[in-house]
Amino acid sequence: MVKSLRELFSGVQIALYMLIIFACTFAYLYVLTRNVLASTLVSLFTMAFGFYHSVFLPKKLEREQYLLKELQKYTSSMMFYMQTGYNVFQSLDRSRTNLDAQIRQDIEKTMFKLQKEAELDTSHFERYNFPSLDIFHQILKIKYESGGDAKELFTRVNESINFELVKRDELYRRKRYTKKRILIMMGIVLAMPLILAVLAGGVYGYFLDVGLFAILVNVILFLAVLVRLFFLQRAVTNISIH
């Protein structure tokens, strides 16, 4: 996770996001509890937990989706160059241009080992958890070792890669629509005590006079919504179709 954080955010961005989450949480809870200690403690927890599920997970998914599309470009380029007569090494060399730096480095690892040891090693691509890409590389190894017609070998797997990306996008759109509806309901739940505290301050004041019980009710309600939001975000950002 630490490595992913460094790739996705700068230190300033992380600090800024956490500060905003802390400030919003503290303001909300202080209005409801009038207790600085409880508001501060819950806000510190929310600052880290909220950043993870509401900022980090969506950004990580965005990056993963981008890389999958770059891998799609890579496989399409490889198929094109091999169909026009280039060998595997030459196709790798031409396909790496205009791709994301991370994908380009992975291709260059394969090229280096192919050039030095005459071995087509694509095992480092498995970290993308892209089954159709793994099948593509298995067929690529057959092409390298035994030859064969590029169009006949790669047409079906290329269609499979395109199909998988389309299905991932469709799944994400469905989940995002469901997420919006659930977020509206969560917003209503969190807004109800806030509206009561602001518009019916006198009545709400009697509730706060109960003391620790009133604080616990507000804190538990907030944490329950926060935990539910965590499970929601985790479900929405899981768009694997396998």
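I count a salt bridge when a side-chain nitrogen of Lys or Arg lies within 4 Å of a carboxyl oxygen of Asp or Glu. The model I am reading is predicted.

**Salt bridges**

I looked up Asp 93 and Arg 96 first. Their side chains form a salt bridge, 2.6 Å from N to O. Asp 93 is partly exposed at 26% relative accessibility. Arg 96 is partly exposed too, at 24%. I then followed the network: salt bridges link Asp 93, Arg 96 and Glu 108. The structure has 12 salt bridges.

Next I took Asp 100 and Arg 63. Their salt bridge spans 3.1 Å, N to O. Asp 100 sits in the loop between α4 and α5 and Arg 63 in helix α3, so this pair ties together parts 37 residues apart in sequence. Is Asp 100 buried or exposed? I find Asp 100 buried, with a relative accessible area of 11%. Arg 63 is partly exposed at 27%.

Then Asp 169 and Lys 69. Their side chains meet at 3.6 Å, N to O. Helix α7 holds Asp 169 and helix α3 holds Lys 69, 100 residues apart. Asp 169 is partly exposed at 22%, and so is Lys 69 at 37%.

**Nonpolar cores**

I turned to the largest nonpolar core, which has 27 residues. Among those touching the most other members are Leu 71, Tyr 74 and Leu 140. Helices α3, α4, α5, α6 and α7 each give two or more residues. Which element gives the most? It is α3, with seven residues.

I checked Leu 140 beyond its neighbours within four places in sequence. Its contacts there include Tyr 74, Met 78, Val 88 and Phe 154. A second, separate core has 15 residues, including Leu 32 and Phe 222.

Methods
Residues are numbered from 1 along each chain as its sequence is written. This is a predicted model: local features need pLDDT of at least 70, side-chain atom pairs count only at pLDDT 80 or more; totals for chains, interfaces and linings use all residues. Side-chain values use heavy atoms; hydrogens and water are left out. A nonpolar core is a set of buried Ala, Val, Leu, Ile, Met, Phe, Trp, Tyr and Cys residues joined through side-chain atoms within 4.5 Å. Buried means under 20% relative accessible area, exposed over 50%, partly exposed in between (1.4 Å probe, protein chains only). Helices (H or I, at least four residues) and strands (E, at least two) are DSSP runs, numbered from the N terminus. Contact means heavy atoms within 4.5 Å.
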